[in-house]
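Me: I have a structure open and want to learn how to read its features. Can we go through it step by step?

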Amino acid sequence: MKEIEELWREVRELSLGNNGNIERLESPPSSLDLLRNFINPNKPCIISNAINHWPALSSWSHHSYLSHSLSSSSVSLHLTPTGLADSLTTAPPSSPSPLCFASAHVQHHLPFPQALHLITSSSSSSAFVAYAQQQNDCFTTEYSALANDCDSHIPWASHAIGAMPEAVNLWIGNEHSQTSFHKDHYENFYAVVTGEKHFLLLPPTDVHRLYIRQYPAATYTYSSDTGEFDLKLDEPTRYVPWCSVDPYPSPENKDEEISKFPLYFNGPKPFQCTVKAGEILYLPSMWFHHVRQSPDDGGLTIAVNYWYDMQFDIKYAYFNFLQSLHYRSTLSPILHEKVTEETSDSGALASSQ
């Protein structure tokens, strides 16, 4: 089906460009320009000078300020062995599949000063990597003491969309936390406060390039007594549709990954961008994104994101039709059936950043 590969090319030529860069705006757009030039065409952009008035930009880089402001707050902290939460990993022996979709161990009701210490002290060589990434409108609940440090919504975005955010989330991590490729059913305005976020982006039309398959779900449990993780399959058994591609394979696995996932590695390059402190990324609904981060001088990367409900309109119907098509690559030789066949009912992907 060369028509699908032609679709990748036309989307880039007609709307997104072929240089792999995301358009940058030096100031916030008007609501009309945002709607006309980015939301309606489902096109990302990075906006500078939109949150310069936030006190958070100057205060959140100081650990003492955060600890004092949240001294009486309890938060949720996600723990993983490697910093890869909501991602694929080697499955337990009882699994019907060699890989599973692993969710983090969540430590609830943790005093914030203790959570902050665990984030800053955790690393890939320690017992765990800690990441504050609770995605349940946590900024207005667990972190409400910081409400005056930034806006409750993005005014020009709210006006363009005609609604207030469905959720506002706070993210606090270090350089060891990564988010695997996934998509969200939200219009996402992602504001970086400290550090930097590094995104790989693919438009919804590239869905076949991510090799979405059904994986058994599992969850980490962490024992503070032994300092060890245990990964157990969820009961009852359930399956999660998830992207199979690791865009940064290790050197020893690179050739194997390229042969298994040629549509990703041999197709059009993903869009790349770095969102720096003080900038907002508009990430349109249904766009696939992979995220890494670099910390500030204090070892933290902090961001606030605003999720606005997407319109389940004709574009959503088009996407569902597209992802239902079975597709074999014309870019490579015939591969093993398990590698080339796509899951037709990929469903809604869980969200994580």
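Me: Which residue in the turn of the hairpin formed by strand 13 and strand 14 has a positive phi?
Reply: This is a predicted model, so keep that in mind throughout. The residue is Gly227, with a phi of about 70 degrees. The hairpin has 4 residues between strand 13 and strand 14.

Me: How do strands 13 and 14 pair, parallel or antiparallel?
Reply: The general idea comes first. Strands of a sheet pair through backbone hydrogen bonds, in a parallel or an antiparallel sense. Here, strand 13 and strand 14 (residues 228-233) are antiparallel, with 6 bridges.

Me: What about strand 15 and strand 6 as partners of strand 13?
Reply: Take strand 15 (residues 239-243) to begin with. Its pairing with strand 13 is antiparallel, over 5 bridges. Tyr215 has Val240 of strand 15 as its bridge partner. Strand 6 (residues 99-103) runs parallel to strand 13 (residues 212-223), and 3 bridges join them. Ser103 sits opposite Thr219 of strand 13.

Me: In what order do the strands of the 5-strand open sheet run?
Reply: The order is 4-10-18-12-16, with mixed pairing. Strand 4 (84-85) and strand 16 (271-276) are at the edges. Each has a single partner strand, so one side of each lacks a neighbour in the sheet.

Me: Where does Leu201 lie?
Reply: Leu201 is in strand 12, which covers residues 196-202. Strand 12 runs antiparallel to strand 18 (residues 288-294), joined by 7 bridges. The bridge partner of Leu201 in strand 18 is His289.

Me: Is Leu201 buried or exposed, and why?
Reply: Leu201 counts as buried because its relative accessibility is 0%. Now look at its contacts, leaving out residues up to four places away in sequence. They include Ile22, Pro44, Phe271, Trp287 and His289.

Me: How far is Leu201 from Leu66, C-alpha to C-alpha?
Reply: The separation is 31 Å. Along the chain, the two are 135 residues apart.

Me: Which residues have the most contacts inside the largest nonpolar core?
Reply: They are Trp60, Tyr143, Leu170 and Phe189, in a core of 49 residues. Helix 5 (residues 112-121) gives the largest share of this core, 5 residues.

Me: What does Tyr143 touch, not counting residues up to four places away in sequence?
Reply: Tyr143 touches Leu70, Val75, Phe112, Ala132, Cys138, Leu170 and Ile172.

Me: Which residues of helix 2 are buried?
Reply: In helix 2 (residues 31-39), they are Ser31, Leu34, Phe38 and Ile39. Viewed down the axis of helix 2, they fall within an arc of 75 degrees, so they line one face of the helix.

Me: What do the buried residues of helix 2 pack against?
Reply: The strands are strand 1 (23-25), strand 2 (45-47), strand 11 (186-194) and strand 17 (280-283). The helices are helix 6 (155-161) and helix 9 (314-323).

Me: Which residues does UniProt list for "domain: JmjC"?
Reply: The unreviewed UniProt entry lists residues 130-323. In this model, that span is 14% helix and 41% strand. Its end C-alpha atoms are 34 Å apart.

Methods: Residues are numbered from 1 along each chain as its sequence is written. This is a predicted model: local features need pLDDT of at least 70, side-chain atom pairs count only at pLDDT 80 or more; totals for chains, interfaces and linings use all residues. Side-chain values use heavy atoms; hydrogens and water are left out. UniProt positions are given in the numbering used here, feature names are shortened, and annotations may be inferred rather than shown by experiment. Helices (H or I, at least four residues) and strands (E, at least two) are DSSP runs, numbered from the N terminus. Buried means under 20% relative accessible area, exposed over 50%, partly exposed in between (1.4 Å probe, protein chains only). Contact means heavy atoms within 4.5 Å. Two strands pair if DSSP finds at least two bridges between them. A nonpolar core is a set of buried Ala, Val, Leu, Ile, Met, Phe, Trp, Tyr and Cys residues joined through side-chain atoms within 4.5 Å. The arc is that of the directions from the helix axis to the C-beta atoms.
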